[in-house]
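Here is a friendly note to read alongside the structure. Keep the 3D view open and look for each part as you go.

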Amino acid sequence: MCLKPGQDPLPNVDYFKPDVKCCSYFPKLPNYLVGGLLSDNNPAMDEGRKRIREKIHKRIGITPQAVDVPKKYSVLIKLGGIKSFGKNSTLICPYFVNEGALCSIWKFRDSMCSTYFCKSVAGKQGLKFWDVFHSYLNQVQDILCWYALDSLNCDVRSIWDYVNSRQNDDLTPDDLDEIPPEEATYRDLWRDWFGREEEFYRECFHVVEALTKDEFERHAGIINKIFLKRLQDARDNVVTPKIPPVLKKNPDLKAFETPDGKVTIKTNVAFYSIQKNLFDVIGLFDGVKTTAEIQKMVHEKYGADLNEDYIHPMFFNQIIIPA
Ligand code: SF4
């Protein structure tokens, strides 16, 4: 999604900025993931730990449930975040490391960061699969963080009420000035764990880490089963797609030869840079010949195997479409 150095921009392509990538996002990190990060001793995540500790110290968005998104950020992202996604530095993730454009909490990133792809070889179906996977993981994340709170005998009801009271777009002067909650409110939220927030998050991680698959399924119940079924269906659509035997090159496909000898092709699903030979092969899909006949031709002419690793992505990305 980023323009490479020396590459000419394609018309009508909205490139991401290389120093933003897909990280103009602020993850809500559930308690056990924060604990996992704090318990981990991989030096590669020292920076992430430092940043989380600074956040905990500032007490903004810090609850027993999660290290949450500050309200000012949530409102800004709703107003302009989608349009400017990948392009604005104002909404860059607090865990993004400029040098090398890396993530400082990679192993403990949230459900969104773990499942987000700006493109998929399986086109719309692929993006749909990742979207369903995101909803599923989000659900799992939610179950696990409330499970940890319950296991540690927290006052789940008051934490729930506090978290929900923050789920709106009403920005108070304190939200705008990024001032933490009143000391009494914050103490009330943390109760016995006040002042020991890091220790608490680590405990959450240990509680979740000890949970077995069977125990998890018991806690997650019917909702988990429904989500898994949806996920299975979304996966089947990608792995075993129904592709008709006769296909044609998408007449709306745009192609641009680039100085590196490749061809950039663009459909309304995505754009890709491909070898010139493959582009010539796409032209063989004329809506008359079957895919099997074209595969035979390609094998005879190029000695190449035009197998489903090529056909499926081309079909998913509407480079070749039903005749
Ligand atoms: S947590 Fe990591 S992957 Fe996710 S937005 Fe931030 S820097 Fe990017």
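1. First, some ground rules. This is a predicted model, in which local features need pLDDT of at least 70, side-chain atom pairs count only at pLDDT 80 or more, and totals for chains, interfaces and linings use all residues. Residue numbers start from 1 along each chain as its sequence is written.

2. Domains. The protein splits into domain 1 (29-239) and domain 2 (246-322), with bounds that come from an automatic or database domain assignment. Their C-alpha centres are 41 Å apart. Seven residues from domain 1 and seven residues from domain 2 make the contact, where contact is a pair of C-beta atoms, placed from the backbone, within 7 Å.

3. The ligand. Around the ligand you will find Cys-23, Tyr-25, Pro-27, Cys-93, Tyr-95, Phe-96, Cys-103, Ile-105, Arg-109 and Cys-113 (C-beta atom, placed from the backbone, within 6 Å). This shell has nine nonpolar residues, no polar ones and one charged. Here Ala, Val, Leu, Ile, Met, Phe, Trp, Tyr, Cys and Pro count as nonpolar, Asp, Glu, Lys and Arg as charged, and the others, Gly among them, as polar.

4. Helix 1 with helix 2. Helices are DSSP runs (H or I, at least four residues), numbered from the N terminus. Helix 1 (residues 31-39) packs against helix 2 (residues 46-58) at about 125°, with axes 9 Å apart; axes are lines fitted to C-alpha atoms over the stretch in contact, and angles run from 0 to 180 degrees between N-to-C directions. The pair is therefore oblique: under 35 degrees is roughly parallel, over 145 roughly antiparallel, 65 to 115 roughly perpendicular and the rest oblique. Val-34, Leu-37 and Leu-38 of helix 1 meet Gly-48, Arg-49 and Ile-52 of helix 2. That contact holds four nonpolar residues, one polar and one charged.

5. Helix 1 with helix 9. How far apart are the axes of helix 1 and helix 9? They lie 7 Å apart, at an angle of about 105°, so helix 1 is roughly perpendicular to helix 9 (residues 197-209). Among the residues that meet are Asn-31 and Tyr-32 in helix 1 and Phe-205 and Val-208 in helix 9.

Key: Helices (H or I, at least four residues) and strands (E, at least two) are DSSP runs, numbered from the N terminus. Two residues are in contact if their C-beta atoms, placed from the backbone, lie within 7 Å.
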